[in-house]
Structures are given as structure tokens and as C-alpha cells.
Amino acid sequence: MTAGARHRRAGGGSRIPALLLVPAGLALGFLAVPLAGLLARTPWGNLGAELVTPRVLEALRLSLVCSLGAVAVSIVLGVPLAFLLARVTFPGRNLVRALTTLSMVLPPVVGGVALLLAFGRRGLVGQWLDQWFGITLPFTTAGAILAEAFVAMPFLVISTEAGLRAMDRRFEDAAATLGAGRWTILRRVTLPLIAPSLGAGVALCWARALGEFGATITFAGNLPGVTQTMPLAVYIALETDLQAAIALSLVLLVVSLAVLVALRDRWFPTA
Amino acid sequence: MSLEADLGLALGELDLEVELTVASGELVVLLGPNGAGKTTLLRALAGLVPLDHGRVVLDGAVLDDVATGEHVPTERRPIGFVFQDYLLFPHLSALENVAFGLRSRGLPRAEARRRAAAWLDRVGLAAHAAARPRALSGGQAQRVALARAMVGDPRLLLLDEPLAALDAATRTEVRRDLRRHLASFDGTRLLVTHDPLEAIALADRLVVLEEGRVTQTGTPAEVSGQPRSRYVAELVGVNLFHGRADGHTLRLAGGTLVVADEHHGAVLAAVHPHAVALHRRLPEGTPRNVWAGTAGAVEVVGDRVRVQVTGPVPIVAEVTPAAAAELRLAEGGQVWASVKATEVTVYPA
């Protein structure tokens with residue numbers, strides 16, 4: 001902690017009415033106690049054994065494949081969309097931006113239903129995919145990736161767009177005077193300069209994809225080894241094998257904490 | 001071999017209409033107040049701002065011609081640009097910054113780095129090749145920016161306030177280095193500044209830009225000797241009068257001015273503050289030009305005392321401290337200002 005932050009905390013902290021400390025403490029407890037519950041019930045002794053059971057390993061593997069796949073889809077499609085939103089003025093841009101972020105606030109289960117209606121075998125697009133290419137998405141791993149990308153991509157788009165808007169575009173001018181064409185500028189100047197925003201976006205996007213539940217189970221189902229990712233496995237295990245549910249939850253908790261720690265400098269610069 | 005530009009563009013409040021020619025090997029300094037359009041002019045020459053109308057030709061090759069639709073994009077112009085705050089790429093080392101242009105123009109990595117290293121050595125920064133821009137001082141960053149702009153052998157070098165970001169202590173030294181490096185460059189050079197000292201120290205020729213228009217061009221001596229606008233007159237510290245001449249007499253807005261030579265029509269008259277004498281009473285004898293006035297602001301400038309005299313003919317005088325004391329000069333006091341006819345420089349408006 002820097003000296004400045006210490007001053008701010010000391011000066012500001014003593015200035016709130018004492019009465020506020022009670023609900024503030026309750027809020028803190030409310031947020032922390034469930035985590036404590038999870039940790040208290042963790043079977044530390046045979047945690048290792050719990051984590052290497054075939055179904056846990058299968059769920060872990062699938063979660064990694066699906067979440068990384070969703071991140072890849074989000075990067076390939078979402079970063080260009082962020083450029084479009086940040087750099088191109090076109091009519092209805094605000095509408096497009098709102099549409100982009102809709103899946104962030106949409107209940108994931110509704111997203112799942114919408115995906116089914118679009119990409120299901122009888123869906124708007126799905127029927128053509130099925131007829132022309134023989135591609136079926138629902139209840140496949142690709143479908144799970146699609147569901148996760150649908151929910152997670154906006155995090156990457158928003159973060160990247162913010163980075164693009166905040167950067168000093170004159171660096172691109174400087175690169176152009178040095179003979180760099182658009183692709184060179186993008187690759188050697190723009191992307192490196194927005195790397196922090198891009199990194200934060202990727203981390204958020206990945207964390208969101210990893211935790212995705214509602215859209216996945218609705219669109220891709222809950223097939224072990226095909227679409228049963230960790231959150232789904234936790235949900236199922238809760239009814240049959242509490243120990244496995246806790247072990248899986250712990251893994252997800254550790255990943256979330258890791259993302260938080262990785263982004264701390266960005267979100268809590270001096271605290 | 002030269003730059004010929006005749007361009008016009010409107011950008012926000014700015015309405016730029018400029019005709020500009022810079023000979024090859026010539027260093028032209030574009031001088032003007034903030035907001036005059038200097039930076040926009042450089043950006044337009046670099047192709048970073050589109051023209052509304054006009055033509056830019058460099059060494060016989062058309063870079064821009066709105067009439068025919070010709071436009072060479074920035075990355076294909078043979079230019080080097082030193083930006084006001086340098087805009088060194090923060091994620092690249094000093095060496096990589098200098099090598100950037102060579103790399104984007106297709107030079108192999110090793111060759112680009114070798115040439116960049118040679119340039120860093122030339123500007124005395126070989127030891128800082130691996131440093132990120134953040135770790136460089138202002139003067140060092142300026143030299144990296146200069147090396148980056150010059151390493152690609154541009155035909156036109158554009159410099160936007162290259163010394164403005166430096167503190168006064170380093171500026172003198174960096175200006176001397178800049179002058180040396182600019183002298184070693186044989187292409188066309190155009191430098192922008194709002195600092196008259198910098199302009200006079202560096203320029204072969206001055207171009208004064210005010211509110212998007214060229215108001216005066218000439219050598220530093222010509223411009224400072226015969227200012228054509230209030231802005232330039234104030235920069236070089238002389239009194240400037242607009243008037244109509246009829247023989248030896250100039251009619252000014254608030255009086256008349258008698259001059260030594262014969263002139264006719266609209267003229268400008270410059271009077272150096274040293275040549276203005278102040279008196280407590282109406283002086284008798286030789287001076288032909290005497291005006292009553294009130295002493296305004298009194299300030300010490302170097303070893304002289306500068307007095308702003310307000311009245312029908314406002315004028316600035318610089319007198320010795322002894323004279324000021326003898327006159328018991330104070331703000332608001334009544335004075336007479338006199339100028340000898342031979343001390344007035346008159347030239348056509």
C-alpha cells in the first residue's frame with residue numbers, strides 16, 4: 001500500500017457515521033460466511049482423491065475446453081466488434097452497443113432458450129446448418145462453447161472498446177508517418193497499447209464462461225463428458241455426492257480468486 | 001527539389017488557407033500564436049488531416065491534389081514527423097522505436113536494428129538503446145524522436161514544437177544539438193514553434209501564421225526589423241503603427257508621425273522602444289514627434305525600464321533606470337513621449 005492510500009483510508013474511514021458500521025459489518029459477513037462454510041466443509045483430507053475421480057476430471061477437462069473455446073470465439077469475433085464500436089461512426093451504433101451488452105443482463109436461461117430457437121435443429125439458423133452442412137449444435141460440446149461465448153463475449157467487447165477509446169490515437173498517426181500501414185499499426189501499436197484492457201477483458205470473459213450454467217444447461221443440456229461442465233457437475237453432484245460438489249466448488253472458487261488477484265492492479269490501483 | 005503547398009481546410013474553429021514553399025535544404029520555421037493552425041498545417045502536409053482544397057507537391061511528386069483526387073496516404077509519404085510530445089511508443093525500447101519505421105518499410109530486422117543503433121549513437125544515446133521511453137529524460141526522448149523521424153531518410157522533415165516539452169535548463173542544450181542535427185539533413189525542413197527565440201535561432205526563413213493565414217515571411221532579420229502584425233511586433237518588442245503617408249508625414253489613428261524619408265500610401269512604421277524618449281515637460285528642440293500621454297505599467301526589463309505610455313498615440317518606451325528615477329516615473333503620471341524622425345522605420349503595408 002502506498003502512503004497516499006493509507007492517508008486516504010485513515011482520513012476517509014473515520015468520517016462515516018458509526019451507525020453505518022453495523023449494516024456494513026453484516027454485509028461483509030453475508031458475503032464471507034458462505035465462503036467460510038464451503039471451506040469448513042471441504043474434505044481436506046481426501047481432497048486430492050475427490051479431485052481425481054473420473055467424473056470430476058471429465059468435468060474439469062470439459063470446462064477448460066469449453067471456456068477456452070468460448071474465449072477464442074470471443075477474441076476472434078468480439079475484438080473486431082469492439083473496433084467497430086469504438087472507431088466507426090454509423091447510424092444505430094448505440095443500439096448495436098446495447099444489443100452487444102444485452103446478454104450480460106439477460107437471465108442466462110433466457111439466453112439458452114433464445115439460442116435454442118436460433119441454433120436448434122428447427123431454429124432460425126439451425127435448420128439451415130442442419131440441412132446444408134449436417135451441423136447440429138444443441139447437446140454438443142460445440143453447443144456448450146456457443147452458449148458460454150454468448151454470455152461471456154460482452155465482457156471482452158466492453159473492456160476492449162473502453163481501452164480503444166482511452167488510448168491516444170496520435171500514436172497511430174506517429175506510426176503512419178513512419179510508414180506503417182493499417183495492419184502493421186494494428187499489430188505493432190494499437191493492440192500492444194490496449195493490451196491491459198484486452199487482458200482484463202480476456203480474464204473476465206474466461207471467468208464468466210467458466211462459471212456459465214443457465215444458458216449451457218438450457219441449450220446444450222447436461223451430458224457427462226459432452227456438455228457437463230463444472231458448474232453443471234456441481235449442481236448434479238449436490239444431490240448424489242456432496243464431497244465431490246464441494247471439491248469442484250473449491251476449484252471454481254480458487255479460479256475466481258486467481259482472476260481477482262490478477263486484475264487487482266487494474267481495479268484497485270492503490271488499495 | 002522542394003515543397004510546394006497551397007492548401008485550405010476547415011477544422012472546428014480553424015479556417016486554414018496557406019500557400020507555402022520551402023526550398024530543398026532550407027529550414028523554414030513556422031511561427032505563430034497558439035491556435036493559429038500550425039500543428040494542423042503540419043498534419044495536413046503529413047496527410048493526417050484531409051484537405052478541403054489545394055495541392056501539395058514534394059520534390060515534383062504530387063502528394064495531394066484535391067482537384068484531381070490524388071492523395072498519397074501518410075504511410076507512403078517520404079516524411080519524418082517529430083511530434084510535440086514525441087509520441088514514442090511506450091511499449092518499445094528506444095532502439096525499437098527508432099527501428100520501427102525501417103521495419104514497417106520492409107527492412108529485415110537485423111539491418112533495421114543496426115541502422116537504428118547507428119542513429120542512436122549519432123544522437124548520443126547508444127547507452128540507452130534498451131531503455132523504455134518512460135525511463136528517458138525529456139531531452140533524451142526528444143533525441144530519440146528526432147532519430148526515429150530521420151532514420152528513414154525522409155525528403156521532408158516536419159517538427160512540431162520540438163523543444164516545447166522541455167524545461168528551460170535543458171532547452172538551450174537540446175536546441176544546440178537540434179540545430180546541429182538539422183544542419184546535417186539535406187532534405188526540406190519545416191519546424192513549428194510559438195517561441196520567437198527558437199524561431200530566430202533555427203530559421204533560414206520565418207513564416208508567420210496567424211488565425212490560419214500567413215501574415216509575413218522573410219529572414220529572421222527582415223521579420224524582426226519590419227514586423228507586419230501586432231503579434232510579430234510584440235514578439236520582437238517594437239512599436240508598430242499603421243498609417244497613411246503623404247511625403248514626410250504619416251497620419252496615424254491618433255496623431256501624426258513625421259519621418260525622415262518620403263513615402264506615399266498605406267504604410268507601416270516601426271519604432272524601437274529604445275528610441276522613445278520620455279519627458280516631464282513638453283520638450284523643446286529637435287524631436288518632431290511629441291505626444292502627451294499617461295505612464296501605464298512600469299517594469300524593469302534587463303537593464304532598462306519599460307514604460308507603457310497610453311494616450312492618443314500609445315507607445316512603449318525603454319529608458320535607463322537613471323532616467324526613470326529622474327522622471328519620477330510612476331503609473332498614472334503625465335509624461336511626454338518623443339521620437340526623432342530618423343528613428344522611424346517605414347515600409348509599405
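Biologist: In which order do the three strands of the open sheet in chain B come, and how do they pair?

Modeller: The order is S12-S13-S19 (chain B), and the pairing is antiparallel. Strands here are DSSP runs (E, at least two residues; helices are H or I, at least four), numbered from the N terminus. Mind you, this is a predicted model: local features need pLDDT of at least 70, side-chain atom pairs count only at pLDDT 80 or more, and totals for chains, interfaces and linings use all residues. Residues are numbered from 1 along each chain as its sequence is written, while chains are lettered from A and ligands numbered from 1 in the order in which they are written.

Biologist: Why is one side of S12 and of S19 of chain B left without a neighbour in the sheet?

Modeller: Strand S12 (239–251) and strand S19 (344–348) of chain B each have a single partner strand, so they stand at the edges.

Biologist: What makes S16(B) a partner of strand S15 (residues 289–301) of chain B?

Modeller: Six bridges, running antiparallel. Thr294(B) stands opposite Thr310(B) in S16(B). The two strands form a hairpin with two residues between them, and Gly302(B) in the turn has a positive phi of about 60 degrees.

Biologist: How many bridges join S16(B) to strand S17 (residues 315–319) of chain B?

Modeller: Five, again antiparallel, with Arg306(B) opposite Glu318(B) in S17(B). Four residues link S16(B) to S17(B) in a hairpin.

Biologist: How many residues of chain B are in contact with chain A?

Modeller: Contact means C-beta atoms, placed from the backbone, within 7 Å; by that test 16 residues of chain B touch 14 residues of chain A. Strand S7 (79–82) and helix H2 (94–104) of chain B are the elements giving two or more residues to that side of chain B, and H2(B) gives the most, with three.

Biologist: Which domains does chain A have, and how do you know their bounds?

Modeller: The bounds come from an automatic or database assignment, which gives domain 1 (1–41) and domain 2 (48–267) of chain A. Their C-alpha centres lie 32 Å apart.

Note on methods. Contact = placed C-beta atoms within 7 Å. Pairing = 2+ DSSP bridges.
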